[in-house]
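Q: Could you show me how to read the ligand site, the ion pairs and the backbone geometry of a model?

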Amino acid sequence: IKEEALSKIHDCSSLKELNDLRVFYLGKKGPMQSAMKSMKDMSKEERASFGQVSNKVKQEITQAIEEKKKILEEAEMMAKIQNEKIDISLPGSHLPLGTIHPLTMIREELEDLFIGMGYSVAEGPEVETDHFNFELMNLPKDHPARDMQDTFYIDENTLLRTHTSPVQAHVMLAANGKGPIKVICPGKTYRRDDDDATHSHQFSQCEGLVIDKNITMADLKGTLELFAKKMFGEKREIRLRPSYFPFTEPSVEVDISCYNCNGKGCSMCKQTGWIEILGAGMVNPKVLEMCGFDSQVYQGFAFGIGLERVAMLKYGIDNIRDFYSGDLRFLNQFVRKD
Ligand code: PHE
């Protein structure tokens, strides 16, 4: 019995099989038990030595089972570790990443550029008062230039801001007449335009405002030239044309030399070699005074950049509605390179 049991235990290859062997050899219905039964027919001496032998056999079988159990458990653990091993050289599964919206890209690029020149970034409310959007920008109620900005009114005194210029007024008033100020104010703006390929009732601007002593038109020009070169390439030149805005005096319309034909003339610049890019000017002394600055001491310049316009030129987008449609075929093209 012992030989047979030990060899079976030795050959057994699973914990379940081992348990079956234990139940069989050491259990009540096993060969050991039936051998014990024959003890009752034995003499006293025979019984004693048989008992000893059978106890020893039991012990040996039990020990063999314990030892085998350890081996099998260890093997099982090793197999489990093998199975659960992570192959760190396997290629990762591809998690699709979202892309940055082209308008956000332009906005962040502008922020980086101007922060690099010592500006800070300010924001203001999109729901504005007539006072901030118009009055403080030198556009009193009956001013004909209000027609330039078709307005969404919420009530008589409240509106959706038509430009980011009212943020200028917030920043200036908060400064309590003390310069210098150097801010850009990016954000959403609204006008009652009929939407088409180049107009949208909601669009985005980035205002720029600098106020200090001895600020001249040359500072404005130098700043805008740097902006043009950083945004559209080192070869760009800028051109200032006289224009009119109630909040700046003098006012200019700013063109950049066409990056498509390098100023020679093509369909993109309508054969002129120049592309109109933004409006700017020297802060009107009336605006300075209304916003708490002494215009005898302080001067300033301001500019307003249309983010959609910059993005459309830079990325060759021909329909402004693409920015707002949420079409992934459009959006997925804008993967940031840095
Ligand atoms: N606020 C003007 C507009 O929306 C742009 C502008 C800003 C012009 C600052 C000059 C100075 O048309």
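The dialogue below takes these features in turn.

A: A word on conventions comes before the features. This is a predicted model, in which local features need pLDDT of at least 70 and side-chain atom pairs count only at pLDDT 80 or more, whereas totals for chains, interfaces and linings use all residues. Residues are numbered from 1 along each chain as its sequence is written, and side-chain values use heavy atoms, with hydrogens and water left out.

Q: How many residues surround the ligand, and which are the closest?
A: A residue is counted as near a molecule if one of its heavy atoms lies within 4 Å of it. Here 14 residues surround the ligand, the closest being His163, Ser165, Arg191, Gln205 and Glu207. By class (Ala, Val, Leu, Ile, Met, Phe, Trp, Tyr, Cys and Pro nonpolar; Asp, Glu, Lys and Arg charged; the others, Gly among them, polar), the shell divides into five nonpolar, seven polar and two charged residues.

Q: Which element gives the most to the shell around the ligand?
A: Helices (H or I, at least four residues) and strands (E, at least two) are DSSP runs, numbered from the N terminus. Strand β10 gives the most, with three residues.

Q: How many salt bridges does a search of the whole structure find?
A: Side chains of opposite charge can pair when their charged atoms come close. With a salt bridge taken as a side-chain nitrogen of Lys or Arg within 4 Å of a carboxyl oxygen of Asp or Glu, the search finds 15. One of them joins glutamate 60 to lysine 56, with the closest N and O atoms 3.7 Å apart; both residues lie in helix α4 (residues 44-83), four residues apart, about one turn of the helix.

Q: Where does proline 180 lie, and is its peptide bond from glycine 179 cis or trans?
A: Most residues other than glycine have a negative phi, and most peptide bonds are trans. The bond from glycine 179 to proline 180 is cis, with omega near -5 degrees, and proline 180 lies in the loop between α7 (165-174) and β5 (181-190). Asparagine 138, although not a glycine, has a positive phi of about 65 degrees.
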